[in-house]
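User: I would like to learn how to read the packing features of a protein model. Please take them one at a time, with the general idea before the case.

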Amino acid sequence: MRTVDTTPHTEFRAEAFFDRVRPHFVEDPLGQPFDEGGSDLALNPDFAAHMVGIPLKDAAVLVGIVDDGEPRVILTQRTEHLAAHAGQVAFPGGKIDGDDVHAVATALREAEEEIGLDPALVVPMGCLPPYASGSGFRIVPVIARVHPGAVYTPNPHEVADVFEVPLAFLMDAANHAVVARDWNGLTVRAYEMPYGERYIWGVTAGIIRRIWERAYGDADASVGA
C-alpha cells in the first residue's frame, strides 16, 4: 500500500473544512429529497427500479471531527452479529426515533449509546442533505466538532472498536476507488477507501465521497474502478 501523507495542509484543517462544507448545510434535512448523486444510485443507476416502492427508514450519523491540530474523523467497527451492515466500518448513528426532535438529536444520542461519547463534548455544525442507501435507509450526515479530550467506551453489543482516520486522508480523492461486488444477485458498485487494516466501503464511503464532492471536489469527477 502506498504511503499517504496525512499532514493537515491548509485546506484540510478543521476550520477550512467547516468553511467549505457549511454552505451545503440544510435546516430541515428530512424535508430535503435525496438526489441521485447523494445515494447508492450514483454508482448504481439500475437501483432506481430496485428501490421503487421501498419506504426508506430515516436515520442520522455523526460525522465527528476531532481537532488537536490534525483533524480526524471518528469511525466504528460494527460487531459481526448485527442485522444490518454487520462487521462493517460505520459512523456512529442509527434510526431516527419519534422522540427525536431533530436529526442532530439522533446523532448525539446514538453516539452516546454506541461509543459513550459525551454530548457535552460535541458541537454540531450542521446537517447535509440525506444520503439514500440501497439497504433502505435515508441517512442524514450531522457534521460536528468533537473535543479532543473525549473518551470512547464502545457498546459491546453494537461496536467492536472505535478509531479515528485523518480528515486529510478521507478528503483526498486519490484514496477513493470503486469496487464491484455481488449483493442479492445484483452486481453492486461502491466506493472503498482502505486505511491500513481498516476497510472503509459501501454506505460509509459513499457518504464520505459525497462530503468530498461538496467540500473539495466535483460531483462529476471520475473514479477508477
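Analyst: A nonpolar core is a set of buried Ala, Val, Leu, Ile, Met, Phe, Trp, Tyr and Cys residues joined through side-chain atoms within 4.5 Å. The model shown here is predicted. Its largest nonpolar core has 39 residues, and Phe-17, Leu-170, Met-171 and Ile-200 touch the most other members.

User: Which helices and strands each supply at least two residues of this core?

Analyst: The helices are α1 (14-21), α4 (167-170) and α5 (202-215), and the strands are β1 (57-66), β2 (72-78), β7 (137-146), β8 (159-166) and β10 (186-195). Helix α5 gives the largest share, seven residues. Apart from this core lies another one of 21 residues, including Leu-62, Ile-96, Val-104 and Ala-111.

User: What is Ile-200 in contact with, leaving aside its neighbours within four places in sequence?

Analyst: Ile-200 is in contact with Leu-75, Val-89, Val-165, Leu-170, Tyr-191, Glu-192, Met-193, Pro-194, Tyr-195, Ala-205 and Ile-208.

User: And for the chain as a whole, how many helices and strands are there, and what percentage of the residues is buried?

Analyst: The protein chain has five helices and eleven strands. Of its 225 residues, 51% are buried. Among contacts with a separation of 6 or more, 66% join residues 24 or more positions apart. The accessible surface is about 10400 Å², with 51% of it belonging to carbon and sulfur atoms.

User: How is a pair of aromatic rings described?

Analyst: By the distance of the centres and the angle of the planes. In this model the count comes to five aromatic pairs. The ring centres of Phe-17 and Phe-18 are 5.8 Å apart and the planes are at 55°, so this pair is tilted; planes over 60 degrees apart would count as edge-to-face. Phe-17 and Phe-18 are both buried. Together with Phe-12 and Tyr-216 they form one aromatic cluster.

User: Which charged residues lie over the face of a ring?

Analyst: Arg-181 lies over the face of Trp-201, at 4.1 Å from the ring centre. Arg-198 lies over the face of Phe-163, also at 4.1 Å from the ring centre.

User: Is Arg-138 buried or exposed?

Analyst: The cut-off for buried is under 20% relative accessible area. Arg-138 has a relative accessible area of 17%, so it is buried. Arg-138 is in strand β7. Leaving aside neighbours within four places in sequence, Arg-138 is in contact with Leu-30, Gln-32, Leu-56, Lys-57, Asp-58, Ala-59, Pro-130, Tyr-131 and Ala-132.

Notes:
Residues numbered from 1 in each chain as written. Predicted model: local features only at pLDDT ≥ 70, side-chain atom pairs only at ≥ 80, totals over all residues. Heavy atoms only, no water. Helix = DSSP H or I, 4+ residues; strand = E, 2+ residues; numbered from the N terminus. Buried < 20%, exposed > 50% of the residue type's maximum accessible area, 1.4 Å probe, protein only. Contact = heavy atoms within 4.5 Å. Areas by Shrake-Rupley, 256 points an atom, 1.4 Å probe, with all protein chains shown as cover. Phe/Tyr/Trp six-rings, centres within 6.5 Å; stacked < 30°, edge-to-face > 60°. Lys NZ or Arg CZ within 6 Å of the ring centre and 35° of its normal.
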